[in-house]
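Open the structure in your viewer and keep the selection panel at hand. The tour goes stop by stop.

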Amino acid sequence: MVSICCGVAGAQRARQTVETNSARALTIISEPNAVVWIDEIRRGTTDAAGNLAGVRVSPGVHTLHVRANGFKESSTTVPSTQRGGVRVRLLRTTDQAELAFQQAETARETAKDDPARQGAADLYRQALKLRPALAAAHVGLARVLLDLNDTNSALAEIDAARRTRPVYPEASAVEGRIYRETGQTDEAIGAFNRSIRESRGFQPEAHVGIGRVYEEKGQYDLAAREFQIAINQLSDTEPIIYQLLGAAYEKSGNNREAIAAYESYLRLAPSGSLAPAVKSILDQLKSQQPE
């Protein structure tokens, strides 16, 4: 199973190099604080003016989803010729299942402790009581249950999501996370690979997951490769992956590349929670570099 993963990753890396070189930039214009997905991959949140700039996408047609609290989620197609601004108008909603789901997502993403996570889980269950076939709510509940270390229930929610949507890359990626965190390495790699296949190669969460598996196995060069694929796919929207990449390079003895990765983390997240530790590591690595 690992050898299959390596082959998939190598092919995707080559394709990503081509796609990155010919990518185009979009600005999504919608409601303030709206969450934006491209091809079911979260790409960021609009600012107070309702803009999310610098969203880089590869050539071809893409699916754009936008969701803001209190509004009906919108799904539209971005044509291959589209560049610049993409305006997405959202309509207010009174759909109680959708509103409960939105509240659950916000609660999960802002939760800092287990009581808050349990509150998010209750909101997901409320949404599912109103609409049992809401697959995204099953996946959101699986994520929060994983954070609560209830892995059996988390897997049950993934199964429920897949009953509604048999091909669901995000569900497969979360399943991989559950298996990885419970030490079931082969099952984790299988789920991450399925996620990559289901998404036709573009699934940064799965690539990060495979990278973490390699890291835990001490295969730091392979881990770095997977982290770099995820970075290319996300176009610098997730600084934490640069920290993972830097650590993988550092453990493999490639200090020059580790320094570059850590510097990228600090460029993107100068006030991030890991910034003090990264700065300390960076100073130490630079002091070890030859003049």
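**Stop one: a loop between strands**

Select E40, which sits in the loop between β2 and β3. Bear in mind that this is a predicted model. Most residues other than glycine have a negative phi. E40 is partly exposed, with a relative accessible area of 31%.

Now select D39. Its place is in the loop between β2 (35–38) and β3 (41–45). Phi of D39 is also positive, near 50°, and D39 is not a glycine either. Its relative accessible area is 29%, so D39 counts as partly exposed.

**Stop two: a glutamate in α2**

Go to helix α2, residues 96–110, and pick E105. Is E105 buried or exposed? It is buried, because its relative accessible area of 9% falls under the 20% cut-off. Show what surrounds E105: leaving aside neighbours within four places in sequence, it is in contact with R67, Y124 and G140.

**Stop three: helix α8**

Select residues 204–216, helix α8. Check its length. At 1.5 Å a residue, its 13 residues should span 18 Å. The end C-alpha atoms are 18 Å apart, so the helix agrees with that expectation.

Next, colour α8 by accessibility. The helix is mostly covered, with ten of its 13 residues buried. Among the buried ones are P204, H207, I210, V213 and Y214. E215 is buried too.

Finish at G218, which follows α8. Its phi is positive, near 80°.

Conventions
Residues numbered from 1 in each chain as written. Predicted model: local features only at pLDDT ≥ 70, side-chain atom pairs only at ≥ 80, totals over all residues. Heavy atoms only, no water. Helix = DSSP H or I, 4+ residues; strand = E, 2+ residues; numbered from the N terminus. Buried < 20%, exposed > 50% of the residue type's maximum accessible area, 1.4 Å probe, protein only. Contact = heavy atoms within 4.5 Å. Expected span 1.5 Å × (residues − 1).
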